[in-house]
Amino acid sequence: MISKTVESLYAAFAAADAPALLATLHPELVLDVSRGMPLGVGGRHRGTHDALRDCWAVIFGAYQTAPFPTEYLWAAPDRCVVLGHYRGTARATGRAFEAAFAHDLTLRDGLIANFTQITDTTRWADALTPLNGLPPRSPTPPQP
């Protein structure tokens, strides 16, 4: 069932489970990420592996975060707009953030083929900015 695919997408994000995430995505996925997203991830990503490597792996490396959907709006049997909030913490600064999102998902063959993300990119960028001029925390401890 298609709605199961959409629910599974958000469960995979919440669990940071890359294989489960890939299982929800069509091999010809087109991912459009809000321009202005930090770390160069904004823009179009084609294919599941490019989306995972060039977008989601970068985001999950820099943030401990997940999307929390609050509303699923089915526009057609194969199209769902999902509203919600990302919540998380930037790993380098420890700053928490919350950013609203709208995800426009189109399914083909029971899998997500088009994924357009709209979010408040400023909230994401602000979380990476150190407070009080202090340098960001290192995500890994220095080697002796």
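Read along the sequence, the protein chain follows the pattern α-α-β-β-α-β-β-β-β-α, with 4 helices and 6 strands in it; here helices (H or I, at least four residues) and strands (E, at least two) are DSSP runs, numbered from the N terminus. This is a predicted model, in which local features need pLDDT of at least 70 and side-chain atom pairs count only at pLDDT 80 or more, while totals for chains, interfaces and linings use all residues. Residues are numbered from 1 along each chain as its sequence is written, and side-chain values use heavy atoms, with hydrogens and water left out.

**The whole chain**

Begin with the whole chain of 144 residues, of which 38% count as buried; buried means under 20% relative accessible area, exposed over 50%, and partly exposed in between (1.4 Å probe, protein chains only). Among contacts between residues at least 6 apart in sequence, 53% join residues at least 24 apart, where a contact means heavy atoms within 4.5 Å.

**Two loop residues**

Select Ala16 next, in the loop between helix H1 (2-15) and helix H2 (18-23). Its phi is near 50°, a positive value in a residue other than glycine, and at 60% relative accessibility Ala16 counts as exposed. Then move to Leu39, which is found in the loop between S1 and strand S2 (43-46). Phi of Leu39 is also positive, near 70°, and this residue counts as partly exposed, at 46% relative accessibility.

**Helix H4**

Now select helix H4 (residues 121-128), where Thr121, Trp124 and Ala127 are buried. They cover an arc of only 125° around the axis, which puts them on the same side of H4; the arc is that of the directions from the helix axis to the C-beta atoms. An α-helix has 3.6 residues a turn, so residues three or four places apart point the same way. If you also display H3, S3, strand S4 (79-90), strand S5 (96-108) and S6, you will see the elements against which the buried residues of H4 pack. At the start of H4, look for Asp120, where a side-chain oxygen reaches to within 3.2 Å of the backbone nitrogen of Thr122.

**Thr119**

What does the side chain of Thr119 make a polar contact with? One partner is the side chain of Trp124, at 3.3 Å, a polar contact being a pair of N or O atoms within 3.5 Å; within protein, one must be able to donate a hydrogen and the other to accept it, and residues adjacent in sequence count only if both atoms are side-chain atoms. A polar atom of the Thr119 side chain also lies 2.8 Å from the backbone oxygen of Ala100. Leaving aside residues up to four places away in sequence, Thr119 touches Ser34, Met37, Tyr86, Ala99, Ala100, Phe101 and Trp124.

Finish with the largest cavity, whose volume is about 150 Å³. Of the 16 residues that line it, the closest to its centre are Trp56, Ile59, Tyr86, Gln117 and Trp124. A cavity is a set of points, on a 1 Å grid over the protein atoms alone, where a 1.4 Å probe fits but cannot get out, and lining residues have an atom within 4 Å of a point; grid points are joined across faces, edges and corners, and a volume is the space filled by probe spheres set on the points. Colour strand S1 (25-33), helix H3 (48-62), strand S3 (63-76) and strand S6 (111-119), each of which supplies at least two residues of the lining; the largest share, 4 residues, comes from H3.

Methods:
1 Å grid on protein atoms, 1.4 Å probe; cavity = no way out; pocket = protein on both sides within 12 Å on 5 of 7 lines; lining within 4 Å.
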